[in-house]
Amino acid sequence: MDPEPARATPRDPLDDLLPVGVLRFNAARRVSGANPRAHALLDVAPGRLLGRSVMETFLDLRVERFLDDGGGTMEARVGAGESRTVIVRAAPTDDGELVVTLEDVSELRRLRQIRTEFIDNLSHELRTPISTVSLLAETATREAAAEGVPERLRDRIAKIEVETGHLAQMVAEILDLARIEGGSPIVPEDDVDLCRLAELSADRLRLFAERGGVRIAVDADPTAPVIRADEQRLGQVLVNLVHNAVKFSPDGGDVVIRVSPDGDGVRVEVVDHGIGISRVDRPRIFERFYKADRARVRGGGTGLGLAISRHIVAAHGGTIGVESEEGRGSTFWFLLPARLPVGVEQDRPAEDAPAAT
Ligand code: ADP
């Protein structure tokens, strides 16, 4: 049952103009003020929000827990039939009230879904012909090894095989990114020991590193806590970072994976002494397809690995970033909380840019 609307207060034209919903909860966590947009987003008749509790306002236990925790940002479904997606932002005031804003991102989410589905369909369509070409290139390479095949032809066939491999990898990564962005299965239900995961990732890449004369060492502090996470996905982040560190190291270089406790979470660093990243490129390398320097890469790349890693870390409520100096090397790091905090949308990672210094 709705409480009686409060006495009419002088109308502020700003209230009608504001494109975001604004609510105030008093110290007892009852609505003490709400603009027309908040009423519209929550599908409540004008003035009817006043006096409601958080639960009566949002009808969502997650939002209640999130506001109990005192603020931050989360995504929620609101309105009749949960028809709208809003970003809920909350901050406490000095006198114990809580100010909450609601930003309608339904249209943005709908467009993102369309984009994801388009990429998903396209990559599926591309996969079949690419694997056929891959197989043919493989066969042709074997046949070209026979005597009497001109060197030039052999070279061309080898190039076709390499490029098809890149194409296949790119399509696989695009598909993976589309799945993560479209609400993929990142399931933080494993007890993950990052020290162990660091060793496993190093083992997986040792052969690749040795080919370029690069050594991989692990420096893991065993007091780093075991965390609740998706082990396979975090393994993917580590392999991406270490693969890059090796790729951008000089022959004879070394790469260190460091794992240490950080508050009640874990900090992981992947350190290399390779080519480094310029100040201009640093803020952009986590974007899809962004590559700083196409010419100097050992073994190519798609420019998607860091975008995927960023999504995975964000889906765990963590942060990823890089410190780097051109010509001296880079340290990629990520921080993971012990548990997924309330309000983190596992399937819809934040769009915030990662830290780069
Ligand atoms: P890829 O490695 O496939 O190109 P990523 O998304 O993993 O794609 O990386 C994007 C770009 O960031 C790389 O192309 C490179 O320019 C830069 N980069 C990533 N890691 C490093 C590193 N350890 N040292 C120098 N540059 C790096």
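Student: Is Phe118 buried or exposed, and why?
Tutor: Phe118 counts as exposed because its relative accessibility is 55%; buried means under 20% relative accessible area, exposed over 50%, and partly exposed in between (1.4 Å probe, protein chains only). Keep in mind that this is a predicted model, where local features need pLDDT of at least 70, side-chain atom pairs count only at pLDDT 80 or more, and totals for chains, interfaces and linings use all residues. Residues are numbered from 1 along each chain as its sequence is written, and side-chain values use heavy atoms, with hydrogens and water left out.

Student: Which helix is Phe118 in?
Tutor: Phe118 sits in helix H5. Helices are DSSP runs of H or I with at least four residues, numbered from the N terminus.

Student: And where does Ser106 lie?
Tutor: Ser106 is in helix H5 too, which covers residues 106–144.

Student: What does Ser106 touch?
Tutor: Leaving out residues up to four places away in sequence, Ser106 touches Ser83, Arg84 and Thr85. Contact here is heavy atoms within 4.5 Å.

Student: What lies 2.8 Å from a nitrogen atom of the ligand?
Tutor: That's a polar side-chain atom of Asp272. An oxygen atom of the ligand is also 2.7 Å from an N or O atom in the Lys247 side chain.

Methods:
Helix = DSSP H or I, 4+ residues; strand = E, 2+ residues; numbered from the N terminus. Polar contact = N/O pair within 3.5 Å; in protein donor to acceptor, adjacent residues only side chain to side chain.
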